[in-house]
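Good morning, everyone, and thank you for coming. Please take a moment to look at the model on the screen, and then I will walk you through some of its features.

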Amino acid sequence: MRGNNKEMLRRIILLVVLPLQAVFANPFSRLGPQHAMMVFQAGGFYASQGNAEDIGIVGLIGDHYTVAHPYAKNGLLGLGYFIDGMETNRVKWMYGLNAFYLAHTLVQGDIIQEELFDNLSYSYTLTNYPIYLAAKTLLNTGNDNYLITFDFGVGPNIIKTSSFKENSLDGVTLPDNAFSGQTSVAFSVTAGVGVKLNNVFGQLPLELGYRFFYLGQGNLNKVNSEVINTLNTGKNYANALVFSVST
Amino acid sequence: MQRVLAFFIMMFFIPQTSIASGLLFSVAADGLPVSLNFTLCLNGQGPLSCQVYTASASTLTITPTVPNHVYPAIGIKINTPGYTPSGCTPIPNGYCLFSASSRTPANITVNPSSTLSYWVATNGNDSASGDYNHPLLTIQQAQNRVRSNPLRGVYTITVNIRGGTYRLNNTLTFNQSDSGTSSGSVIYRAAPGETPVISGGQQITGWTLQNAGLNIWQAQTTVNTFTMPRQLYVNGARRTRARTQTYPNYYTPTAAGYTYNYTGGSDPQYPPTWAQPTDVEFVTATQWKMMRCSVAQVNSNTNVVMQTPCWTNANTYPSPWNFYLISWLENAYEFLNTPGYWYLGPTSSPTTKIVYYIPLPGENITTADVELPILQTLVQGTGNSTTPISYLTFQGLNFQYATWLDIDSSTNSSPSSSSGYVCDQSGFHLLGTNHSSVLNIIGHDQNVTRMPGNVSFIYAQHITFTNNTFQHLGAVGLDFDTGGEFNQIVNNTFYDISGAGIQVGGVSPQDHHPVGLQLTTDNLISNNLVQNIGQEFYDAPGIYVGETTRTTVQYNDIQNVPWAGIAIGWGWGLLDPDGFPGLPNATQYMWGVYPTPSAAMGNQIFHNRIQNFLQQLWDGGAIYTTGYQGTSLANGEVIAFNVATNKRAAAGGNTFYTDGGSRYITLSDNVSLYNPSGFFDYGPCGLPDSFPAVPPNVQPCTLNSLNYGTDMGGCIPYGNMIVTNSYFVDATTFYLPCLIYNPSYPVNVALVNNTQVTDSSQVPASILSSAGRQ
């Protein structure tokens, strides 16, 4: 795990710093209020995923698929385009599109054959591409140095499952390899709260926030006609820390 | 923020399961031992929920371990090559389905599958799989596949050899690594309806006319240094090695050979005309013997020095059993004067020779199939006295074109070598120099060597030859040497062979007084056709059985043999407990003291039909025996229901010839017809011979007008014999040509209820119809 954390930190630094460098390098970038803005987002998420499930097989009692590691973490990237909406002295609303890429996570567990024998393990990877119609609220705190932000989005999530494989736990049992990965679309929502800090790095506004993603349920493709039902990912959600910069 | 941190911390909590792994099936194995690896699936259609199992026997009892559930489509797949399951329904994915539950196990039997069958074809490839569609090229490769097959000895493995000619460069050698078992033999057989030929021949082409006047044609061939083929076949027929007229009359015997006293000018018999004098063989054939010795050199134009030890060994026997007279000379270019004659001459290269041949009238040699045998042994099976080779079957194969070579120049074992061919009897001959320096006046040597087999086995058990053809061979067709047990030779054809057709057992000490697996016993020779054997070595019988126990020779047809049809036994009493001197001039125990009975016991010769015997030699019979054949009549030899006809009329002999030392023999229901009493034959008088000029100076040839033999008799049998229910032309005379040597023998010879007949109509039809192949 220690190695994984280092890798995660390295990814976050790269995802955050590199876009910032791009912004500074753009001579047309403007940091003040305007009618539309681009938002570049990076961060990390911690997802709840997988689904313990009974898989029916013709003539058999069937297999029970457990989820050994229901939580997984990885990095995310986001890109948004917002235009100004209503604005009062205290509140400003913005509307737009906000798409995210939640890097792949590993789902793994065991297969309890005939509900009795823990003879196989399985794993697959899960990648989410949610695309939201988004609304953003900026709440004036009375301090020019920071704003409170609220985000909300709704839209489709493109869920990709891949690299399904099984392994024998006893050296005697042969993997069934009854499933393969596939791409599906699910309903997804996101909500978040954050703090937008002005002039942290010179004139660059930096927003630090928490995001919750409801990612919906994907599934795998059954490749054996003797398998009655397919394995699904469960109704996944993710909690994320997101850093954003806007132009 | 704290709650968020707590949430993230909780996410590291991972629930664990405690269910253990386990087997989906319980498998019990019984039946034939075999090492199996197989896959079982709860759903064989998928296949899903599969596990790999092993078992050590072929009958599997398979029980699902999950209680109270019936599995309707369990699948099994055998992973061990060469096996398929039965008791289930195969489906295309390779699994075989069956139903079972924890209360109702399934029984699945695993049987060998088609990978236990190999195919060989002349257009095959030795890298191929060896199945019907991808046959192997050589029998050797098939043998290798069988040898490495883990199922060898577990189940029967069959090598199917397709039609065509398989020319061998080397002998097919088998040993214990090729053996099968009682439950899994190895079969080398002809593909159904096809005729594979296993040939040791080299096809000779490129003929050109060499001598227009004599119509001699020549062709070059490549053979190795020690290869001196002794036969040539044209369009499947043996041709004659060039020879002189019979009884050449210009040679006077000397101690080292001959002098040649012809002064009439150029003559092919005149030694100085011979371009290759050391190729020339002197041949003598008289009484039961035949000898061949080559020339060592020709001196002073008139002195012919013969090769030793051949000449020395020949002269261990007295006249007329040595080169008393020369029957003919053989193997010189200068003897090529008759259509059908051939000669193999040298070239300047040691690896090439030239074949010369005078075609028969109408024979186009340029298009004929001319075969020169260059391999001695086609098949050699070798076991040893602790582990015999066993359970091989050869079926439907055609063995042909093998010869008798001087394979190793150090052994001088070929008739073409300096040892020549000095016959003792029945193909057993003298090799080397360790023979008596005292004149062998009994006519037999204790130290003799068997004629090799072109197909040969030693220490072999349960070897079977069925429906094969042995033809155009230069030694013994099929030979089972020491230690042959439970071998079967059934329904084969033996045709045109230089020596015996079949030879089982031997005459050496390990044969007549064997220890352990040296014993030759319980072999069967049945329903064979043995025809035109002894073509080159006239002393060879059609079937020879040595010192053996419980050999059965039955229902064979034996035709056109130069000496005896069937010969059995050895020793003339000198190897038996009494040391019986069953030969003229023999003395008791002169071959040693043997306090225990020999191996000759319980042999049976039934229902054989023997025709046209004694075609070249004399002093033999249709069936010839020597030595004790048991320890009582109860365990002795039985010769019954045999029909012997058409002996060469002039040949002296006894149709049922119980020769020296024969004892404990029952002859019953035998028939001898059209076998008139023949004569002595020591060749023409007036020729220079080796007979010593001692008083009263009676030359052997003067005996030629005397009758010799009848339907039964021998010289000097011990006795204890019954001749009963016979149908003989002379049913009362037991012919004893050697009575003057020991008038007290034979003893206890009972002639009971024999019938004198002159025609086959007087013989029960049941005997006539039951003789020969059925």
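**A walk through chain B**

B:Ile716 is found in the loop between β57 (712-713) and β58 (719-724) of chain B, where strands (E, at least two residues) and helices (H or I, at least four residues) are DSSP runs numbered from the N terminus. The peptide bond that leads from B:Cys715 to B:Ile716 is cis, with omega near -15 degrees.

Before I go on, please keep in mind that this is a predicted model, in which local features need pLDDT of at least 70 and side-chain atom pairs count only at pLDDT 80 or more, while totals for chains, interfaces and linings use all residues. Residues are numbered from 1 along each chain as its sequence is written, and chains are lettered from A and ligands numbered from 1 in the order in which they are written.

There is another cis peptide bond, from B:Thr308 to B:Pro309, with omega near 15 degrees, and B:Pro309 sits in the loop between β24 (303-306) and α3 (310-314) of chain B.

Let me step back to the whole chain. Chain B holds 5 helices and 61 strands, and its C-alpha atoms fill a box of roughly 140 × 65 × 50 Å along the principal axes. Of its 774 residues, 54% count as buried, that is, with 20 or more other C-beta atoms within 10 Å of their own, whereas exposed means 12 or fewer and partly exposed lies in between, with C-beta atoms placed from the backbone.

How are the strands of the open sheet paired? The 12 strands of this sheet in chain B, in the order β10-β13-β31-β36-β39-β42-β45-β48-β51-β54-β59-β61, have parallel pairing, and two strands pair if DSSP finds at least two bridges between them. The edge strands are β10 (164-167) and β61 (755-756) of chain B, each pairing on one side only. Inside this order, 3 bridges join β42 (529-531) to β45 (557-559) of chain B, and B:Leu529 has B:Asp557 as its bridge partner in β45(B).

Finally, consider two residues other than glycine with positive phi. B:Asn585, with phi of about 75 degrees, lies in the loop between β46 (566-569) and β47 (604-606) of chain B, and it is partly exposed because 14 other C-beta atoms lie within 10 Å. B:Asn612 has phi near 55 degrees and lies in the loop between β48 (609-611) and β49 (623-626) of chain B; with 18 C-beta neighbours inside 10 Å, B:Asn612 also counts as partly exposed.
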